[in-house]
Amino acid sequence: MPELPETTVISQDVAALAAGREVLRAAVFRPDVTNVEMEEFPRRLVGRQLFGTGRRGKIIVLDFGDVVGIIHLVISGRVLRLPEWREPDRMNTAVLEFEGGPVLAFTRLWLGYFDLYEPGEEENHPLISRLGPDPFSEDFTVEYLTKAFERKANIKGLLLDQSVIAGLGNIYVDEVLFAAGVHPTRRANTLTAEETQKVHAATRDILRRAIDLRGTTFDSYHDAFGETGKYQHQLQVFTRAGEPCPRCGTTVGKSRVAGRGTYACPTCQPV
Ligand SMILES: [Zn+2]
């Protein structure tokens, strides 16, 4: 599932391909792909220009002026550039053609969606309204984390909670906790001030590096140009169970924390 870095890359790719261009055609495959009537989808988009793109947590935001597109790719959704217009189908669940050529398909939105809102209204979107601070925002401070960690919940579950921090998922939480030397099962309220500081710094550092390397291709993720990310080569513990820890050589272990497959070094991240 695309996390913050992958969503950032896709959002920037869409801007590179289509910003400043007018929508010529738009369609969705099934009614459940969007929050408006299927016939309403093109009515609202055709003739509008894509002014820019952004991101809220793991959600892609498209700014069409009077209309805001909210795209959640969820598990294996992608944005694909098609050679020419084609009607949406089971794979290409939403398709937009822009003036001058680019045709973008938003694929496999069975669990995700391409919703349309009026500007400002997207703040009431069920996922957006509950988002915690973005890791690159001013609100994401060590003080904020210290307060957020005043709970008994395990640290991994807390970092996965989008209302605590927007944009982290399973891959980057494991990498952040390894970098900070904190075991994923630790209760958040047992972290020292130094550990909280390390989690804060590692979150920004790892996400920034992952964006620079255009994300992690672990299963299906590709950018809008069809390329894989490169951060999977930098992963220290995620999916590395049975391999030596890159820092101390202890075998990396795998367990289940917060309902997710979790990777950690038992030496660098003592319980
Ligand atoms: Zn280690």
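**Sheet and first helix of the predicted model**

Strands β5 and β7 (residues 103–106) pair in the antiparallel sense across four bridges; strands here are DSSP E runs of at least two residues, numbered from the N terminus, and two of them pair if DSSP finds at least two bridges between them. Within this pairing, R81 has L104 in β7 as its bridge partner. This is a predicted model, where local features need pLDDT of at least 70, side-chain atom pairs count only at pLDDT 80 or more, and totals for chains, interfaces and linings use all residues. Residues are numbered from 1 along each chain as its sequence is written, and side-chain values use heavy atoms, with hydrogens and water left out.

Both strands belong to an open sheet of four strands, ordered β1-β6-β7-β5 with antiparallel pairing. At the edges stand β1 (23–28) and β5 (79–82), each with a single partner strand, so one side of each has no neighbour in the sheet. On average, neighbouring strands are turned by 20 degrees against each other, direction ignored (axes are lines fitted to C-alpha atoms, with angles from 0 to 180 degrees between N-to-C directions).

Then there's helix α1, residues 4–18 (helices are DSSP runs of H or I, at least four residues). Its 15 residues reach 21 Å from first C-alpha to last, close to the expected 21 Å, which is 1.5 Å times one less than the number of residues. Of these residues, 12 are buried, so α1 is largely enclosed by the rest of the structure; buried means under 20% relative accessible area, with a 1.4 Å probe and protein chains only. Among them are L4, P5, E6 and D13. After α1 comes G20, with a positive phi near 85 degrees.

Definitions and conventions. Buried < 20%, exposed > 50% of the residue type's maximum accessible area, 1.4 Å probe, protein only.
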